[in-house]
Amino acid sequence: MGNTLPQPDSLLPLPPATFHILLAVAEEDLHGYAIIQDVAARTNGELKLSAGTLYRSIQRMLEQGLIVETQDRPAPELDDERRRYYRITPFGADVARAEARRLTQLVRMARDRGFVAGRA
Amino acid sequence: MRAYEILLRFYPASFRAEYGEEMRGIWARRRRDASGPPAVAALWIATVFEVLSNAAAVHWDILRQDLRYTVRTLARSPGFALTAVLVLALGVGANTAAFSVTDFVLIRPLPFPEPDRLVALWEKVPGYKMELSPSNYVDWKHMSKSFERMGAYVETSVNLVGQGDPEHLEGATVTADLLPLLGVQPMMGRVFTAAEDREGAPGTLLLSYQLWQAVFGGDAGVIGRRVNLDNEPFVVIGVMPRDFHFPSRNAELWTPMRFREHSDDFRDRNNNYLSVVARLKRGVSLAQAGAEMGVVTAQLERQFPKENAQTRAFVNLLRDELPQQSRLLLMALTGAALCVLTIACANLANLLLARGLARQRELAVRSAMGAGRERLVRQLVTESLVLALAGGALGVLVASAAVPLLARLVPASLPIAQSPSIDLRVLIFAGLISGLTGIGFGVLPAQRLCRQGDFSALREGTRAGGGRKERLRSVLVIAEVTASVVLLVSAGLLVRALWRIEGTDPGFRTDGVLTLQTALPMPKYDETARRAGFYTRVLSAVRALPGVSSAAYISYLPMVRTGGIWPATPEGQPVEIQRSGSHQASLRFVTPGFFATLGIPLHRGRDVAESDTIDAPFASVVSESFVRRYWPDQDPLGRHFKMAFHDRMVVGVVGDIRVRGLERPSEPQVYLPYRQVQDGSLEGYVPNDLVMHSASRPEALLPAVRQIIRGADSEQPVSDVRTMADIVQEQTASRAAQVRVLGAFAAIAFLLAGVGIHGLLSFAVSRRTQEIGVRIALGAQRGEIVQMIVRQGALLASAGVMLGIVLAYAAGRAMEGLLAGVQPGDALTFASAVGLCVMMTVLGSLLPALRAVRIDPIQAIRSE
């Protein structure tokens, strides 16, 4: 409600569901079910968001200003009027990048200790 | 789908409205994708779990948001927040304190297993209820079938010698049945066996935890220790648990009864001194037991027509063995606390309404930004709940400070500890009333505000809000005034009653009289001559002290021990009627000088004398009411009557005294010379109380008196040192405590009602600023404006006063038993209460009226 945007780092670490949703809407506007499918596809079916988790996350992300509901509709033949579409905001992208950076650093530290196989 | 629909209801409505449609869609697909019963079942289980945890999370999110918002808004209006919290703290505090005491005394079961099967038994003759005689006790016990066990006890006091300083201790002698009947186990050792409760059995003794700690230093090896009680050897066989108090909280030790078959105990069926307790058999009701005892006592009356004439049994739940006055005092306290809570709630609701009206713009803006009504209501309720819980927490602090002050209202006669504590029950109670107040008085204004629907506030400016809310607020203020009138009148009536009782003439002098007890142990002092020697040594030395004008010994000080009642039979009257209450008289043995010491006027004849020995004719001094009862308009001197096994002749007549206390009628009094008693007889009536009168401060005599007593008998302990003034003051102590509490409640109520009126009028003035400005601009006189505001206040106040007078009269009638003869419609009290309310109204209206007068018409009109 009229929040000024906080520093991206202040939201870290992101809950996994939130990060996945940001990744899902990074390229195109998606509706809820499409987000669930996208997340499932990218994780090889390992993460199946439930409707409740999805919309609870969406509600919080809307309030935090990570995503917005978009008024643009896709081509009419693909559109279902009941559906709402969500788009990542520039702030959302910043937060996603910050989270990715955090995770990368974490992985790097793990690799230094030999916990991760692969290139040193 | 229906089932999923129901699950969705766990989410907040706003969330459902926003996402429900899509969630249903997603669920429908999942359901379609699931093939085969196992998959469907797995989906359902996962869904139920998922919905419940997510719904909880969503609620939590909203709550966190609302709490953050609440803290921000409250911080912006600290005056409002502070007022609301304080108002609630007073309301919750008063009720929590009242509840903790009432619960402790009236509601909570006694601290024994299956306490609802415990009963007390009394002998009942027309107009009287009294203890049992040993003979009747034994017969009742053997003839009745309703009870699992029956036991008896007598409260006693003994001197403990040989453990440091001689100590005088309260306790009870009990039959072997009594402790098992109550269902208590000793903390250490064992309880009495039947063999130890027989005539001639060696003395055994149980200690209270407190006595074990204080005198025996908590020594674990105390069992088997030998001690001397009243010069008789006893062996400690056990220590009772810390929270065991029986028969009253003063009891510190217990010894077995050991009835003596051939003694006063069984000589006279009218020798009533046993308190009897029994445990009902499972499945036997109180009424059944009462009916059976009716049959048993009728049978005994046929067997002993003279002694048991009209004697029946009164069977009462042990829990209900509570003085009626204590019950009334506590009920009045609870009623008063509820009045305070009513006022606090009305004030809170009014505060919230006023604030809500002032916040209509804010609410309208939030609504326009898409907040649903449910969310707004929820926000407002969260806000009032936060206030309520803060108020409640502060209230519990108030209560825990107040409870020790209320401990005086816990009667000593109950087998419970002195002081209630703020425990879980009380905390739950406080939480409940805070929560209910918060929800009840938060939802009401919130609903009202949000029902407006279209939030016309944005368009209409601050005038929005309509007369309905004004009416509701007025009703609340009227309720506050009503409750405060009820409280003021009740407190006033009780103050008048207190004054009246304090003004009662006890019949004896209270100034300059010091009393103390030297409980003479038996059998050391069972010879009358030996006692006489002790009294003579002590009294002659005390009388010789500088400043002492007189001193004497008596059995039982007035108002301290109110029993000691014996039937009197004047010559020429049939013996059969002696049992009925109308022949009871209070019996005391005294040394010469008692009447002079207490300033009791000797109207005719003479005082008892040293020459009234066992060989001389048995003499007596009686009170005027005794003369009026038997020989009205005749010369009582030289008349004879039979009492306490002997024929006695009246040699003197003295004024009546209030033996049973300031508030109860007393039996006529009979005083007998201390030497005219057979050795070993009437040991319960041995004079143990020393009284002395001194012109200067009597307390200063104490060290010298102690030394005199030590000189007369070095093993003799001194106890119960008090002035007669203390004793009389003790009579009104619980009343005085109650009046103080009720007075404080009334003051709080009065203050809150004043704040309520002031708040309502200030708000009305601020909302009518423009109107008033226009009136002034159009030439209205300042006086008219003031009148207009004050009239509004006066109307509310008079409606409240009217209602309050009716309710206060009803309250007065309900507590008539406490009023000591003050009329429940006492005009002076009502007039004072109404006068105070008028004053409060005027003061409450004055500030808003002044503010109205100061309104600058140009400013007011321009401001829109």
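Predicted model: local features only at pLDDT ≥ 70, side-chain atom pairs only at ≥ 80, totals over all residues.
A residue counts as buried if 20 or more other C-beta atoms lie within 10 Å of its own.

**Entry 1: strand 10 of chain B**

I looked up strand 10 of chain B, residues 275-280, and checked burial along it. Six of the six residues are buried, so the strand is largely enclosed by the rest of the structure.

Next I sorted the residues by the way they point. B:Ser275, B:Val277 and B:Arg279 point one way, and B:Val276, B:Ala278 and B:Leu280 point the other way. The residues on both sides are buried. In a regular strand the side chains alternate between the two faces of the sheet.

Which strands pair with strand 10 of chain B? I found strand 1 of chain B, residues 118-125, paired with strand 10 in the antiparallel sense over four bridges. In strand 10, B:Ala278 has B:Val119 opposite. I also found strand 3 of chain B, residues 147-161, paired with strand 10 in the antiparallel sense over six bridges. There B:Leu280 has B:Phe147 opposite.

**Entry 2**

Two packed helices are described by the angle between their axes and the distance between the axes. I noted both values for each pair.

Helix 10 (residues 324-358) and helix 21 (residues 733-767) of chain B pack at about 15°, and their axes are 10 Å apart. That angle makes helix 10 of chain B roughly parallel to helix 21 of chain B, because angles under 35 degrees count as roughly parallel. Their crossing is left-handed. I sorted the contact of helix 10 with helix 21 by class and got 22 nonpolar, six polar and no charged residues.

Helix 23 (residues 782-814) and helix 24 (residues 827-853) of chain B pack at about 150°, with axes 8 Å apart. Are they roughly parallel or roughly antiparallel to each other? Helix 23 and helix 24 of chain B are roughly antiparallel, because the cut-off for that word is an angle over 145. The crossing of helix 23 and helix 24 is right-handed.

I then listed who meets whom. The residues from helix 23 include B:Arg782, B:Ile785, B:Gly793 and B:Ala797. Among those they meet in helix 24 are B:Phe830, B:Cys837, B:Gly844 and B:Pro848. By class, this contact has 15 nonpolar, four polar and one charged residues.

**Entry 3: chain A**

I counted four helices and three strands in chain A. Along the sequence they follow the pattern α-β-α-α-β-β-α. Of its 120 residues, 28% count as buried. I also looked at contacts in chain A between residues at least 6 apart in sequence, and 61% of these join residues at least 24 apart.

The three strands of chain A form an open sheet in the order 1-3-2, with antiparallel pairing. Strand 1 (30-31) and strand 2 (67-70) stand at the edges with a single partner strand each, so one side of each has no neighbour in the sheet. Strand 1 pairs with strand 3 (residues 85-88) over two bridges, in the antiparallel sense. A:His31 stands opposite A:Tyr85 in strand 3.

**Entry 4: where chain A meets chain B**

The contact takes 15 residues from chain A and 16 residues from chain B. On the chain A side, helix 2 (32-42) and helix 3 (51-64) each supply at least two residues. Which of them gives the most? Helix 3 of chain A does, with seven residues. I divided the chain A side by class into five nonpolar, five polar and five charged residues.

Methods
Residues numbered from 1 in each chain as written. Chains lettered and ligands numbered in written order. Axes fitted to C-alpha atoms, helices over the stretch in contact; angles between N-to-C directions. Parallel < 35°, antiparallel > 145°, perpendicular 65-115°, else oblique. Left-handed = near helix turned anticlockwise from the far one by under 90°. Nonpolar A, V, L, I, M, F, W, Y, C, P; charged D, E, K, R; others polar. Contact = placed C-beta atoms within 7 Å. Buried ≥ 20, exposed ≤ 12 C-beta atoms within 10 Å, placed from the backbone. Pairing = 2+ DSSP bridges.
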